Amino acid sequence: MAFSSNIGGTARRGGGWASSILPFTSNPTKPSKHPRKSRRRAAVRAFISANFFLIGISLSLLVFLFLLYSYGIPIPMSSHFRSRNSRYPKFRKPIYRKPPAFTARNVSVGAVVDITTKDLYDKIEFLDIDGGPWKQGWRVNYRGDEWDNEKLKIFVVPHSHNDPGWKLTDVRRKFIWEEMSYLERWWRDATDAQRESFVNLVQNGQLEIVGGGWVMNDEANAHFFAILEQMIEGNTWLNDTIGVIPKNSWAIDPFGYSSTMAYLLRRMGFENMLIQRTHYELKKDLAMHKNLEYIWRQSWDAEETTDIFVHMMPFYSYDIPHTCGPEPAVCCQFDFARKHGFSYELCPWRENPVETSQENVKERALTLLDQYRKKSTLYRTNTLLVPLGDDFRYISTDEAEAQFRNYQLLFDYINSNPSLNAEAKFGTLEDYFRTLREESDRINYSLPGEVGSGQVGGFPSLSGDFFTYADRQQDYWSGYYVSRPFFKAVDRVLEQTLRATEVMIAFLLGYCQRAQCEKLPTGFSHKLTAARRNLALFQHHDGVTGTAKDHVVQDYGARMHTSLEDLQIFMSKAVEVLLGIRHEKNDQIISQFEPAQVRSKYDVQPVHRAISAREGTVQSVVLFNPLEQTRNEVVMVVVDRPDVTVLDSNWTCIKSQISPELQHDNRKMFTGRHRVHWQASVSAMGLQTYYIANGFIGCEKAKPARVKLFTSAAHLPCLAPYTCSKLEGDTVEIRNRQQTLNFSVKRGLLQKVSHNDGTLSVVGEEIGMYSSSGSGAYLFMPTGDAEPITQAGGDVVISEGPLMQEVFSYPKTAWNKAPISHSTRIYNCDNSIQEFLIEKEYHVELLGQDFNDRELIVRYKTDIDSKRIFYSDLNGFQMSRRQTYDKIPLQGNFYPMPSLAFMQGPSGQRFSVHTRQSLGVASLKNGWLEVMLDRRLSRDDGRGLGQGVMDNRPMNVVFHLLLESNISSISNSASDSHPLSPSLLSHLVGSHLNYPMHAFIAKKPQEISVQPPPRSFSPLAASLPCDLHIVSFKVPRPLKYSQQPLEDPRFVLVMQRRHWDASYCRKGRSHCSRIGDEPVNLFNMFNGLAVLNTKATSLNLLHEDSEMLGYGEQSGDGAQEGHVLISAMEIQAYKLDLRPHQ
């Protein structure tokens, strides 16, 4: 977790794993629906006019009786501020309004809201005006009569994230807890008495579990798959162990906020969110208009089904000096853990807390109440939330007692003086949100013309995200988008490997008909749980962000590496069972296969195992396709010898190509090994076997690529069996059936792309570096623009073959060893999306002090008139519109790029960059798109880490570039505030990059004379529609699989329907049999498996009321009948059971 500090005071560390909040109980509210206007005939109008008074009286009486029947007799105002404790909180049924009508010429394609974050950026001047005591705001005042009719109700919410070992013996004392990774560790060591005490505190409402994820996850770099996994892991453990399901979220420490998180929480059954770290200028604007509490709505949601209530904290930090009110020097006096005798620093404003006594309680209470009142004027209601805590607080009984004792004395004074029109107490997040909703039900806080929401009245609606975060001045937190990119890449490998393993486990158990074949998946349960939790742990906002200390990063890396090894070993064994090679297997038997790529340790790149095919032998290669559509693509394995042949499962010859393996070393670019490419076809979520043979009679051997070189070496290095020639001229081209790529020979950089329709696109590739003496793990603080680092005269190797063509460049730079080399590849592959993409692979080695305080980027300079507007993804789930502003510094115009960024011109030309790891992206000039690859920083940036980032590792960064032209008219992207969607082709390119095929190689060769029968596995009856994605297919509790009642669903299927831009449909649709605008029949989805007991569930797998989750009634009804129709942009989860057909 990053620090929270006072402005102008001493910087202080905000702990290791931040605290977070999520609620779990509330009473249903029934906001009124807005009436719809209708036309009246003339006769009807005349009747109404004649009987207007009588009709009015009758309607008023009917409304009164209806309200009395619905809500009961009104409760006196004095009783509204009461505590309701319930172990089983009720979740509110949402009320949805019909979307506003639009004419045919003006059809809405997105949400209608009061505020967008784009509008905020457009209007705010970002002047950073000194506001006085509240430096980032203004001098807050109040009249004094604001609470005459509705008293101020103050909830002080103690919070932390550490050992909850102290007791809450006074029932007036409350607390909240967020991260389950801490709680599970404490629970393991707790005595039975401690556990019982803890559960009792939860039951009586003194302790609320908020959020309940395994960690408080980052929201910029984390992929939505991993966010779901960590939330499921935490929420499931909590429900199984303590019996509660959170419904309020508390995220005080992520460095910016994604609307994807709001969507996922809403579809998990959460009702309310609390956030803190947003740009200080946005906070100021929202506070000035009393919009700090709002309804967060997804940008595509025209029906208000994704609405979730949000409370944004108004000030600089979540520590006590910045939470009681706008004046931190005053609030710090009420952090009683800063008194002498405790280990915390004193107040930097030199006015420290004093013990509350009968002599000073009046003065102290009125001083505190003054801050509460000032803070409350920033919000619409008279219900006020005041967090009371910080990182690693309440670590002892003495500290907790100091806070609770002093505050209770202050509360008692305030509450005993009715003239103050205030009541203060300790509370939980649920206490606050419940009371706020009750007040907003009674009092209409809506502004004239405000769209608001049908779910919670009185608040504005908002869409957009909160990146890039700045906490003060020009300190933008865009550096962590790229810090420790090596481990950001490992994170994504673990994600897709875990997903693939879960799929295999589901099929192993689904097709299993006897207890013996359950041993392999159930025996792996403990390692599977460890893998889930290690992935979940890394999603922490100091994990995937790359902002932890070196030894913590090493621990993260070691955990992920261990789990990767475990998963790959299991998959190697599962392959044998699914292919029918071995029917009965347990976790102790050694597999015949091994993964094609392995890592020797946690901090090194994976290497390809080389197949040693001696004369007269053949070696099996099994490919697993984890996606839901059949894949046709060129695949590759490494061999020691070039004279090989590729055979399919039927022992039929396949055309193949061999090319030299290259490496990042200009003294020896050829490794001596060879890459074999061939076109493979693997059914959806299936397995297919191929053979690498040496000496197979009647088959043509792999065709050697033609090799061309440009080098400064005195002689041309060449490797048998290739024929090498020297590159001539200033430019060189490689081509396939769809495009021709033009490169500069002297610099080895891409320049232009010609398409098969005769059009030309300029794509000028540039590699540059920022110098940045102020950057750190969190902050990006460049001293100027990035300067190009490549010079004329590097080494270039071109490999040209029938299936793959490649330009490899080791550039000349000012350093003896270049910090980067890179390959550009295109493919020839029938009936494949692979032909349309350009593959870029950058090998980065930002090692040694020569690169201290340098940040490496690649920049693509295109001829697209983008007007510095581009689109980057949020968590691999949705796109967000980005715009470069001159009024904020360069570093504020960088945004997170977990998987995709694209820009588009007015005539529909589009340039996309797909990535398989999270990085940072910007468009600083018209038509430019630049991506940061790595950063090496010698200094701490004063945000709590206490060190630089110097532990860089050699790594490979892979992009898939895509150039498209639309085939129908589009809106002007410069004026449209709604984000654009990727094309269907673009979605497929991203899926293939992020969910690659897994290859497994037989450990031992076999004689060619021994030809086994064809071996393949095709579990799906047909490919799914191209815009449907199986997010996960798993058995949540494999260890308890055989113990669960047969009528209980034991499998979970989570599906996503992607939204795609139909104006680019041609290339993508040509490889798709269908799209998801028709129901998918779950009952007929699998080959040889009956689907039973299907029912819709929440994304955390704990709720089964689809309407409460925002899906609507048809979701649950359709699932029970087996027919699933998912709306675009939605993710839906289903519980089901599988049985083999008899």
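At what angle do the axes of helix H6 and helix H7 cross, and within what distance do they come? In this predicted model, the axes of H6 (residues 224-241) and H7 (residues 259-267) cross at roughly 40° and come within 11 Å. Angles under 35 degrees would count as roughly parallel, and H6 and H7 are therefore oblique to each other. Their crossing is right-handed. On the H6 side, the contact is made by Phe 224, Ile 227, Leu 228 and Met 231, while H7 brings Thr 260, Met 261, Leu 264 and Leu 265. Sorted by class, the residues of this contact are 7 nonpolar, 1 polar and no charged.

A helix pair elsewhere in the chain can be described in the same terms. Two packed helices are described by the angle between their axes and the distance between the axes. Helix H13 (residues 485-510) packs with helix H16 (residues 550-578) at an angle of about 30°, and their axes are 9 Å apart. H13 and H16 are therefore roughly parallel to each other. H13 passes H16 in a left-handed crossing. The contact of H13 with H16 has 20 nonpolar, 5 polar and 1 charged residues.

Here are the two pairs side by side:

| Helix pair | Angle | Axis distance |
|---|---|---|
| H6 and H7 | roughly 40° | within 11 Å |
| H13 and H16 | about 30° | 9 Å |

How many of the residues of H4 are buried? In H4 (residues 180-189), 7 of the 10 residues are buried, so this helix is largely enclosed by the rest of the structure. The buried residues are Met 180, Ser 181, Tyr 182, Leu 183, Glu 184, Trp 186 and Trp 187. Their cover includes strand E3 (175-177), helix H5 (192-203), strand E4 (207-209), H6 and helix H15 (525-538).

Finally, have a look at strand E45 (residues 955-965). Here 10 of the 11 residues are buried, so E45 is largely enclosed by the rest of the structure. Which strands pair with E45? Strand E36 (residues 837-844) pairs with E45 in the antiparallel sense over 8 bridges, and strand E42 (residues 909-915) pairs with E45 in the antiparallel sense over 7 bridges. Val 844 has Met 955 in E45 as its bridge partner, and Val 913 stands opposite Leu 961 in E45.

Definitions and conventions. Residues are numbered from 1 along each chain as its sequence is written. This is a predicted model: local features need pLDDT of at least 70, side-chain atom pairs count only at pLDDT 80 or more; totals for chains, interfaces and linings use all residues. Side-chain values use heavy atoms; hydrogens and water are left out. Axes are lines fitted to C-alpha atoms, for helices over the stretch in contact, and angles run from 0 to 180 degrees between N-to-C directions. Helices (H or I, at least four residues) and strands (E, at least two) are DSSP runs, numbered from the N terminus. Angles under 35 degrees count as roughly parallel, over 145 as roughly antiparallel, 65 to 115 as roughly perpendicular and the rest as oblique. A crossing is left-handed if the near helix is turned anticlockwise from the far one by less than a right angle, and right-handed if clockwise. Contact means heavy atoms within 4.5 Å. Ala, Val, Leu, Ile, Met, Phe, Trp, Tyr, Cys and Pro count as nonpolar, Asp, Glu, Lys and Arg as charged, and the others, Gly among them, as polar. Buried means under 20% relative accessible area, exposed over 50%, partly exposed in between (1.4 Å probe, protein chains only). Two strands pair if DSSP finds at least two bridges between them.
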